[in-house]
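Good morning, colleagues. Please turn to the structure on the screen, and I shall take you through a strand and then a pair of helices.

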Amino acid sequence: MIRIEDLTHVYPGGRRQPPRTAVSGLTLHIPDGRFAILSGPNGSGKSTLFRILCGLARPSRGRVTVGGHDLLADPAPARALMGVVFQSPAVDKHLGVRENLALHGALHGLRGAAFRVRLDEALAWTDLAGRLGDRVETLSGGLARQVELAKCLLTRPRLLLLDEPTTGLDPASRRAFLNALGRLRRELGMTVLMTSHIFSEAEEVDSVAIMANGRLLAHDTPQALRDRLKGDVLVIDSPDPDTLAARLRDDLGVAAMRHGDELRVDDPPDADAVMLLERVLADYRRLVRGITVKRPALEDVFIHVTAEARAQGAAATAERQETAA
Ligand SMILES: Nc1ncnc2c1ncn2[C@@H]1O[C@H](COP(=O)(O)OP(=O)(O)OP(=O)(O)O)[C@@H](O)[C@H]1O
């Protein structure tokens, strides 16, 4: 449904600001009827990519097709297949739910009976049926988000793009919203691409794409991503993580990655994190504030691949500096 090929976007920079590459040679394919999540640390380029997909920015290089239509060369047919839910509200909070939807319908030529059919259709995916007369500002955050969803369903999109749609929602509202997306995919075969930082959301989707520094680091099913980490993960909370990392490396030959105040060992020797835990407690007790062994979850894979990319980026920078000197 959506094919992104070798996409690069460079912000031009100004007098005091150098040009910044926000997306770099990114290739990503989401087949028809799949639910994919795009995740990445702050500044990894997700919003820039999203803006390009929505037609709000033009990339420096690359190609995007939606349902076979070239989004950049001939945007109208590609956009006709897309519905977009932005992170910031795109409805008028002073208007009622129905008024907002009617306004959006009218912009797309939907009036009278045709609008009513689409309205009923769109509302079926939400909990808004009894609230059509209410002003949006009087709705809960979860229901207000559902107005955004209903709005974009009015045009029967084949591809839904959503930018962190569940940010700020409580767990129940988040679940209701994700359930609606899951049903749209299952029952209508809609393709869904959503950015999110919430890893519990990613556990239930078809695929998860992880970006950092404008590049795609991984794109796979949640299970295949978890399988990248072979054994359990050992997480150590240390008052002096750098010293402990050096001791683990020099004394035991164990590579630990620093993540905030934590040290993480994602690939313990003999895939035995418990044995390593015992050894760490026996030998380095004063460098340990807390220690846990856990089954790898998606969040651990995310930390692993983004930390690896950071380390590679730092090594490449150091090499460049050495060559320059
Ligand atoms: N208008 C702009 N001009 C120059 N640089 C920009 C602009 N917008 C974003 N950037 C830079 O591009 C890079 C990617 O930013 P982007 O906002 O796309 O990342 P993100 O993954 O969406 O981050 P977040 O999760 O914090 O929203 C960052 O280095 C950012 O500073």
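How many residues of strand β7 are buried? Before I answer, please note that this is a predicted model. Strand β7 covers residues 159-163, and five of its five residues are buried, so that the strand is mostly covered.

Let us look at the two sides of this strand. In a regular strand the side chains alternate between the two faces of the sheet. In β7, Leu159, Leu161 and Asp163 lie on one side, while Leu160 and Leu162 lie on the other, and all are buried.

I turn to the pairing. Strand β6, residues 82-85, pairs with β7 in the parallel sense over four bridges. Strand β8, residues 191-195, also pairs with β7 in the parallel sense, here over five bridges. Leu160 of β7 takes part in both pairings: Leu160 is the bridge partner of Gly83, and Leu160 stands opposite Val192 in β8.

Now to the helices. Two packed helices are described by the angle between their axes and the distance between the axes. Helix α5, residues 141-153, packs with helix α6, residues 171-188, at an angle of about 20°, and the axes are 9 Å apart. An angle under 35 degrees counts as roughly parallel, and α5 and α6 are therefore roughly parallel to each other. The crossing of α5 past α6 is right-handed. On the α5 side, the contact is made by Gly141, Gly142, Arg145, Gln146 and Leu149; α6 contributes Ser173, Ala176, Phe177 and Ala180. By class, this contact of α5 with α6 comprises four nonpolar, four polar and one charged residues.

Technical notes: Residues are numbered from 1 along each chain as its sequence is written. This is a predicted model: local features need pLDDT of at least 70, side-chain atom pairs count only at pLDDT 80 or more; totals for chains, interfaces and linings use all residues. Axes are lines fitted to C-alpha atoms, for helices over the stretch in contact, and angles run from 0 to 180 degrees between N-to-C directions. Helices (H or I, at least four residues) and strands (E, at least two) are DSSP runs, numbered from the N terminus. Angles under 35 degrees count as roughly parallel, over 145 as roughly antiparallel, 65 to 115 as roughly perpendicular and the rest as oblique. A crossing is left-handed if the near helix is turned anticlockwise from the far one by less than a right angle, and right-handed if clockwise. Two residues are in contact if their C-beta atoms, placed from the backbone, lie within 7 Å. Ala, Val, Leu, Ile, Met, Phe, Trp, Tyr, Cys and Pro count as nonpolar, Asp, Glu, Lys and Arg as charged, and the others, Gly among them, as polar. A residue is buried if 20 or more other C-beta atoms lie within 10 Å of its own, exposed if 12 or fewer, and partly exposed in between; C-beta atoms are placed from the backbone. Two strands pair if DSSP finds at least two bridges between them.
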